[in-house]
Amino acid sequence: MNRLPLPSDSSEAHPTALATRPLTPQQCELVEKHYPQVRTVVSQMRHSLPSCADLDELHSVGLTGLIAAVRRFNVSQTKTFEAYAAMRIRGAILDELRRLDWMPRSARHRARELRKTVDNLEQNLGRTPTSEETREQLGLNRIDFDKLQLRVQPIRFLPLDKPVERDNGNGLMLSLHESIADENTPPTHANMEHEETLHALSRTLTLLPDRHRQVLLLYYFHNRKLSEIAEAFKVTEARICQIHGQALQLLRQRWVDRN
């Protein structure tokens with residue numbers, strides 16, 4: 001059996017050193033020559049890829065596998081390079097898919113077991129088995145069976161900019177990101193209540209004496225310190241503290257009277 005040749009130089013050094021070293025002219029020629037092989041490998045794997053797989057992205061990943069193969073291959077023995085490159089390209093793609101896989105290996109094993117059980121029951125019963133029949137065949141109680149179904153439930157990937165429906169028949173298309181509520185956005189009724197409260201507070205402030213109103217505005221709306229307000233009014237800070245307390249008390253009284 002022919003073995004794949006080992007790297008030609010003694011720089012079996014550190015993988016990082018190999019990955020960052022510039023390609024030689026011979027290596028660049030090898031990449032260009034076998035570049036179409038990346039698309040060939042992706043096409044061969046296409047039937048087994050998940051529906052959410054981005055073929056262009058996997059093609060880019062496959063190209064990194066080809067470059068890695070070139071870096072580690074003895075360019076003087078190019079006759080066996082095609083098989084070696086195919087292995088590295090496929091390996092790079094599989095590594096990327098495993099990295100993106102949302103389901104742990106144990107869960108995927110259980111999913112295959114569930115699918116196999118359902119297939120066997122369909123053949124024996126001549127129909128689709130019920131959940132109860134599947135659960136009994138697996139020997140699980142109802143709670144564990146429900147957990148299994150939830151764990152292996154497939155995830156659907158949808159583009160956020162894809163139109164999903166018409167807006168009340170008026171001809172406007174809604175995309176998914178327009179249909180999903182933003183949890184960080186306060187509800188409309190909360191915004192309305194907040195605006196009404198601000199208007200009511202503003203009207204109540206007008207009922208206060210001028211100096212009391214100015215102290216509250218400077219302190220709460222303009223973030224001025226009491227010492228700065230005292231300096232502006234040419235009085236002591238203790239006097240401003242007194243006015244501030246009186247203003248709050250008056251504001252509470254006026255607020256209760258108005259509401």
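## Terms and model

A crossing is called left-handed if the near helix is turned anticlockwise from the far one by less than a right angle, and right-handed if clockwise. Helices are DSSP runs (H or I, at least four residues), numbered from the N terminus.

This is a predicted model, in which local features need pLDDT of at least 70 and side-chain atom pairs count only at pLDDT 80 or more, while totals for chains, interfaces and linings use all residues. Residues are numbered from 1 along each chain as its sequence is written, and side-chain values use heavy atoms, with hydrogens and water left out.

## The H10 and H11 pair

H10 (210-221) and H11 (226-233) pack at an angle of about 140 degrees, with their axes 10 Å apart. Axes here are lines fitted to C-alpha atoms, for helices over the stretch in contact, and angles run from 0 to 180 degrees between N-to-C directions. H10 and H11 are therefore oblique to each other; angles under 35 degrees count as roughly parallel, over 145 as roughly antiparallel, 65 to 115 as roughly perpendicular and the rest as oblique. H10 passes H11 in a right-handed crossing.

On the H10 side, Arg211, Gln214, Val215, Leu218 and Tyr219 meet Leu226, Ile229 and Phe233 of H11 (contact means heavy atoms within 4.5 Å).

## Two loop residues with positive phi

Most residues other than glycine have a negative phi. Asn223, in the loop between H10 and H11, has a positive phi near 55 degrees. Asn223 counts as exposed, at 65% relative accessibility; exposed means over 50% relative accessible area, buried under 20%, and partly exposed in between (1.4 Å probe, protein chains only).

Lys234 lies in the loop between H11 and helix H12 (237-258). The phi of Lys234 is also positive, near 60 degrees, and Lys234 is exposed at 75% relative accessibility.

## The H2 and H3 pair

H2 and H3 pack with their axes 9 Å apart, at an angle of about 140 degrees. The two helices, H2 and H3, are therefore oblique to each other, and H2 passes H3 in a right-handed crossing. Residues of H2 that meet H3 include Gln27, Val31, Tyr35 and Val42; among their counterparts in H3 are Leu55, Leu58, Leu66 and Arg71.

Gln27 of H2 is buried, with a relative accessible area of 12%. The side chain of Gln27 reaches the backbone nitrogen of Thr24 at 2.9 Å. A polar contact is a pair of N or O atoms within 3.5 Å; within protein, one must be able to donate a hydrogen and the other to accept it, and residues adjacent in sequence count only if both atoms are side-chain atoms.

## Nonpolar cores

A nonpolar core is a set of buried Ala, Val, Leu, Ile, Met, Phe, Trp, Tyr and Cys residues joined through side-chain atoms within 4.5 Å. The largest one has 18 residues, and Leu66, Val70, Phe81, Ile89 and Ile93 have the most contacts inside it. Two or more residues of this core come from each of H2 (25-45), H3 (55-72) and H4 (81-100). A second, separate core of 8 residues includes Val215, Leu218, Ile229 and Phe233.

Not counting residues up to four places away in sequence, Leu66 touches Val31, His34, Tyr35, Val38, Phe81, Ala85 and Ile89. Val61, in H3, is buried with a relative accessible area of 12%. With the same exclusion, Val61 touches Ala92, Ile93 and Glu96. Val61 and Glu96 are 35 residues apart in sequence and 7.4 Å apart in space, C-alpha to C-alpha.
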